[in-house]
Each structure stands twice: as structure tokens, then as C-alpha cells.
Amino acid sequence: MEFDQLKKSTLEKADDLLRESAYKSVAKDLENDGIDIKDLSEDEFEQLFVEEYERQKNLTKGAGVGAGVAFLLSLLG
């Protein structure tokens, strides 16, 4: 049971970091485009955030798969 709790805690922490990264990325993109977050409606910002979150989540999955394949290949010699 201890491993399951550790795994859940780790996944929650990773998701929190991913959400923070997505928020900062959207805020930075808006700033670079000269748009103030306050000028967007909550729905508009949420849509941008969700799109960025999903993009980063997919990149993370791809990186994880790539790292797993590289590790497997290194084991095979």
C-alpha cells in the first residue's frame, strides 16, 4: 500500500508542476503578444490554459516513451 501512496503522491505533484508550467507559458505568450490576462474572460483564458496543458502533457508522455525506449535499447546493447 505504501508504494501506491507514493505513486499517487508523485503523480499529483507532477500534474501540479505541469499545470503551473502551462499557466506560466500561457501568461508569457499573452505578454509577448501584448495582451493583459485581465483583458480575457475567464472562459477565454481557461481555453488557452487547457490547450497548453494538453500540449505539454502530450509532450511529456512522448518524452517518457522516448526515454523508456532509449533505456530499453541501452539494456539490449
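The charged end of Arg19 sits over the ring of Tyr53, 4.8 Å from the ring centre. This is a predicted model. Tyr53 also belongs to one of two aromatic pairs found in a search of the whole structure.

**Aromatic pairs**

- The search of the whole structure returns two aromatic pairs.
- Tyr23 and Phe45 make an edge-to-face pair, with 5.4 Å centre to centre and 65° between the planes.
- This pair links distant parts of the chain, 22 residues apart. Tyr23 lies in helix H1 (residues 2-32), and Phe45 lies in helix H2.
- Tyr23 is partly exposed, at a relative accessible area of 40%.
- Phe45 has 14% relative accessibility, so it falls under the 20% cut-off and counts as buried.
- Phe49 and Tyr53 form a stacked pair, with 6.2 Å centre to centre and 25° between the planes.
- Phe49 and Tyr53 are four residues apart in helix H2, so about one helical turn separates them.
- Phe49 and Tyr53 are both buried.

**Gln56**

- Gln56 is placed in helix H2, which spans residues 42-76.
- Its relative accessible area is 11%; that is under 20%, so Gln56 is buried.
- The side chain of Gln56 makes a polar contact of 2.7 Å with the side chain of Glu52.
- Leaving aside residues up to four places away in sequence, Gln56 touches Leu18, Ser21, Ala22 and Ser25.
- Among these contacts of Gln56, Leu18, Ala22 and Ser25 are buried residues of H1.

**Helix H1**

- H1 has 31 residues. The helix reaches 45 Å from its first C-alpha to its last. That is close to the 45 Å expected at 1.5 Å a residue.
- The buried residues of H1 are Leu18, Ala22, Ser25, Val26, Ala27 and Leu30.
- Tyr23, also in H1, is partly exposed.

Note on methods. Residues numbered from 1 in each chain as written. Predicted model: local features only at pLDDT ≥ 70, side-chain atom pairs only at ≥ 80, totals over all residues. Heavy atoms only, no water. Helix = DSSP H or I, 4+ residues; strand = E, 2+ residues; numbered from the N terminus. Buried < 20%, exposed > 50% of the residue type's maximum accessible area, 1.4 Å probe, protein only. Polar contact = N/O pair within 3.5 Å; in protein donor to acceptor, adjacent residues only side chain to side chain. Contact = heavy atoms within 4.5 Å. Phe/Tyr/Trp six-rings, centres within 6.5 Å; stacked < 30°, edge-to-face > 60°. Lys NZ or Arg CZ within 6 Å of the ring centre and 35° of its normal. Expected span 1.5 Å × (residues − 1).
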